[in-house]
Amino acid sequence: MRALARLAWLYASRTPVQTAIVSVGVAVSLALLVTGRVLISRAEMSLTARAEAVPLVAGAPGSRFDLALALLYFRPTPIAPMTMGDVEDAATLGRGVVVPVHASLTAGGDPVVAVGYEFFEQRALAAAEGRFPIRLGEAVLGWDTARRSGLVVGDTFRTDRRELFDLSVASPIVLRVVGVLAHTGSVDDGAVFVDIQTAWLAEGILHAHAAAATLPDDQIQTRTERSVVVEPTSRTERDVSAAEQADVHMHADPRSLPVTGALVFPASDKDLTILQTRLNGDGRLQAVRPVALVRELFDVVFRLRPVLDGVTGLLAATSIAMIVLAAVLAARLRSEEFEALDHLGTPRSFVIGLVVAQTAINLLLGMLLAGLLVAGAAWSLDRWLGV
């Protein structure tokens with residue numbers, strides 16, 4: 001047996017091109033067979049885990065899936081905003097914690113997510129460095145965002161410009177890094193978290209005017225010993241320091257300010273049912289259970305399982321045929337060698353053993369490579385989903 005294995009390995013090492021071609025063919029065939037099932041299974045597990053972490057999401061009427069994607073995965077989706085007044089009304093029901101979420105900004109391509117402070121408590125997030133944001137213009141980075149950007153506590157960066165040619169859109173604001181979240185292995189690692197009011201500052205709803213002493217005379221309407229009235233078009237500050245925060249103000253009812261939606265953490269299953277019924281009751285809002293959406297999504301996927309099983313069977317048959325063909329062709333290429341062994345009186349069983357051993361080596365190498373391919377595909381899926 002050792003002699004067979006040694007001779008088969010020596011032949012494989014002396015013919016690397018042939019061995020590589022057969023092994024890659026086996027690997028691709030096996031990877032195609034396994035990858036689909038593995039990816040579907042991992043996607044279901046990942047999506048379900050993320051959905052179970054948030055019992056209920058609420059927002060303006062529209063697509064349920066877009067609402068869930070925006071609030072759970074911070075994906076930019078075309079959904080109508082709800083108001084802060086709606087969030088406060090839901091919170092006054094006293095059935096759980098309602099956390100507003102504003103998720104329409106980005107910085108360096110990463111989502112800038114404005115949340116209420118309760119978000120970190122309900123999601124059991126911890127700061128590996130620094131602290132959570134508590135003032136305007138402060139930000140805490142997700143683990144991956146911090147490593148990718150190279151930013152550390154104390155650094156500053158700007159939000160992305162949303163509209164390049166629309167001058168009516170507020171210009172980017174400066175954010176200060178005050179913390180880095182501990183690694184969670186979820187979509188939170190790739191985000192930037194700020195306070196809700198910081199998002200309104202970025203949208204120009206909240207603002208602080210430049211110091212009157214620095215403004216030119218043509219931007220001042222009237223000036224007295226007690227007050228200065230500036231033009232409505234005077235420059236606003238985009239870097240709100242601690243000293244300037246007292247000057248930040250708005251010209252709107254706080255209850256009318258927009259948020260993307262709300263994450264709802266009911267106190268019990270009973271409260272969950274009551275909250276969902278109340279929020280869906282008058283038609284102004286919709287409240288959906290993310291777990292139910294995930295199940296609905298995979299119900300559709302699994303309806304295609306007979307088709308997938310048929311394709312898998314076809315691939316399996318093709319893989320077996322390819323492996324047999326590779327073994328036969330390899331044996332044909334070695335026909336002169338086998339002839340010489342026959343003239344030397346070598347038993348036919350030994351020759352058959354050589355072919356089997358060579359096929360086994362190709363299969364083993366192909367299985368190892370297929371494992372790497374499947375692992376790479378699963379890793380890519382996890383990175384893409386970020387859950």
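**Note on the salt bridges, cavities and selected residues**

1. D110 and R148 form a salt bridge in which the closest N and O atoms are 2.7 Å apart, the term salt bridge standing for a side-chain nitrogen of Lys or Arg within 4 Å of a carboxyl oxygen of Asp or Glu. Since D110 belongs to strand β4 (residues 110–115) and R148 to helix α6 (residues 143–149), the pair ties together parts that are 38 residues apart in sequence; helices (H or I, at least four residues) and strands (E, at least two) are DSSP runs, numbered from the N terminus. D110 is buried, with a relative accessible area of 12%, whereas R148, at 48%, counts as partly exposed. Here buried means under 20% relative accessible area, exposed over 50%, and partly exposed in between, computed with a 1.4 Å probe on protein chains only.

2. The basis of these values should be kept in view. This is a predicted model, in which local features need pLDDT of at least 70 and side-chain atom pairs count only at pLDDT 80 or more, while totals for chains, interfaces and linings use all residues. Residues are numbered from 1 along each chain as its sequence is written, and side-chain values use heavy atoms, with hydrogens and water left out.

3. Over the whole structure, the search finds 10 salt bridges. One of them joins the side chains of D188 and R50, with an N to O distance of 3.1 Å. Distant parts of the chain are linked by this pair, as D188 sits in the loop between β8 (174–181) and β9 (192–195) and R50 in helix α2 (residues 16–53), 138 residues apart. Both partners are buried, D188 with a relative accessible area of 0% and R50 at 6% relative accessibility.

4. In the salt bridge between R284 and D86, the closest N and O atoms are 2.7 Å apart. This pair, too, links distant parts of the chain, with R284 in the loop between α8 (269–281) and β16 (286–288) and D86 in helix α4 (residues 84–92), 198 residues apart. R284 counts as partly exposed at 46% relative accessibility, whereas D86, at 10%, counts as buried.

5. The count of cavities of 30 Å³ or more comes to four, a cavity being a set of points, on a 1 Å grid over the protein atoms alone, where a 1.4 Å probe fits but cannot get out. Grid points are joined across faces, edges and corners, and a volume is the space filled by probe spheres set on the points. The largest cavity holds about 50 Å³ of space.

6. Which residues line the largest cavity? They are A327, A330, A331, R334, F338, V355, Q358 and T359, lining residues having an atom within 4 Å of a point. Helices α10 (305–333) and α12 (348–385) each supply at least two residues of this lining. By class, the lining divides into five nonpolar residues, two polar and one charged, where Ala, Val, Leu, Ile, Met, Phe, Trp, Tyr, Cys and Pro count as nonpolar, Asp, Glu, Lys and Arg as charged, and the others, Gly among them, as polar.

7. Two backbone values deserve a check. F74, although not a glycine, has a positive phi of about 55°; F74 is placed in the loop between α3 (64–72) and β2 (82–83) and is buried, with a relative accessible area of 4%. A124, also a residue other than glycine, has a positive phi near 55°; A124 is found in the loop between α5 (118–122) and β5 (127–130) and is exposed, with a relative accessible area of 66%.

8. A last point concerns V288, which lies in strand β16 and counts as buried at 8% relative accessibility. The C-alpha atoms of V288 and G59 are separated by 8.9 Å, although the two residues are 229 residues apart along the chain.

Key: 1 Å grid on protein atoms, 1.4 Å probe; cavity = no way out; pocket = protein on both sides within 12 Å on 5 of 7 lines; lining within 4 Å.
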